[in-house]
Amino acid sequence: MIRRTVCACLTAASLTFAPGAYAELNGRVPEPGMVTMADFGAESCLPCKAMAPILKKLDKEYEGRAAVRFINTVQYPEIAEYFRIAVLPTQIFYNHRGEEVGWHTGYLDEGSIRAKLDELISAAKAEKEPLAFGYWIMQAKISGVNSSSL
């Protein structure tokens, strides 16, 4: 998959962002170390308006676990160009490592957003935690404990 991050684009000599666009995204898309959903839209877009309360609600509910960001492509067209946004709204999902893992164009309902965020959060947790049972058996063998007693 293609990995697009703000840091990479800000150092590219061929593309410069207006100061407001830089401030809007700097360190926020994708959010470092966190699952992120970036929603590219406009205040004049009807599906975007319908999604706005959902995005605000989910951003609060997932605080500390996932970041939900809205980027106004009318206000910051250079950002839309950089991310190659052709349809509004467009959602891009990033895993906790900042890798792009999914795209969706058009209206996306709350249940679908939750499912994707939960999937990415679970994957991040699984990656960070050792495989519990296998880990303990391996530790028992190393320390000489009989694994059948576990």
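This is a predicted model: local features need pLDDT of at least 70, side-chain atom pairs count only at pLDDT 80 or more; totals for chains, interfaces and linings use all residues.

Modeller: Cysteine 45 and cysteine 48 are joined by a disulfide, with an S to S distance of 2.4 Å. That distance counts because the cut-off for a disulfide is a pair of cysteine sulfur atoms within 2.5 Å. By this rule the count comes to one disulfide. The torsion about the S-S bond of cysteine 45 and cysteine 48 is about 75 degrees, so the link is right-handed. Neither end is exposed: cysteine 45 and cysteine 48 are both buried. In general terms, such a link is a covalent bond between the sulfur atoms of two cysteines.

Helix 3 covers residues 46–61. This helix lies across strand 1 (35–41), strand 2 and strand 3, and its direction is at about 150 degrees to that of strand 2.

The sheet itself is open and has four strands in the order 2-1-3-4, with mixed pairing. Strand 2 (66–72) and strand 4 (100–105) are the edge strands; each has a single partner strand, so one side of each has no neighbour in the sheet. On average, neighbouring strands are turned by 15 degrees against each other, direction ignored. Strands of a sheet pair through backbone hydrogen bonds, either parallel or antiparallel. Strand 3 (residues 90–94) pairs with strand 4 in the antiparallel sense, over five bridges. Among the residues involved, threonine 90 has threonine 105 in strand 4 as its bridge partner. Helix 5 (residues 110–128) also packs on the sheet, where it touches strand 1, strand 2, strand 3 and strand 4. The direction of helix 5 makes about 150 degrees with that of strand 1.

Most residues other than glycine have a negative phi, and most peptide bonds are trans. Arginine 84 is not a glycine, yet has a positive phi of about 60 degrees. Arginine 84 sits in the loop between helix 4 and strand 3. With a relative accessible area of 62%, arginine 84 is exposed, because the cut-off for that word is over 50%. Proline 89 belongs to the loop between helix 4 (77–82) and strand 3. The peptide bond from leucine 88 to proline 89 is cis, with omega near -10 degrees.

To return to the part you asked about: the disulfide joins cysteine 45 to cysteine 48, and both cysteines are buried.

Technical notes: Residues are numbered from 1 along each chain as its sequence is written. Side-chain values use heavy atoms; hydrogens and water are left out. Two strands pair if DSSP finds at least two bridges between them. Helices (H or I, at least four residues) and strands (E, at least two) are DSSP runs, numbered from the N terminus. Axes are lines fitted to C-alpha atoms, for helices over the stretch in contact, and angles run from 0 to 180 degrees between N-to-C directions. Contact means heavy atoms within 4.5 Å. Buried means under 20% relative accessible area, exposed over 50%, partly exposed in between (1.4 Å probe, protein chains only).
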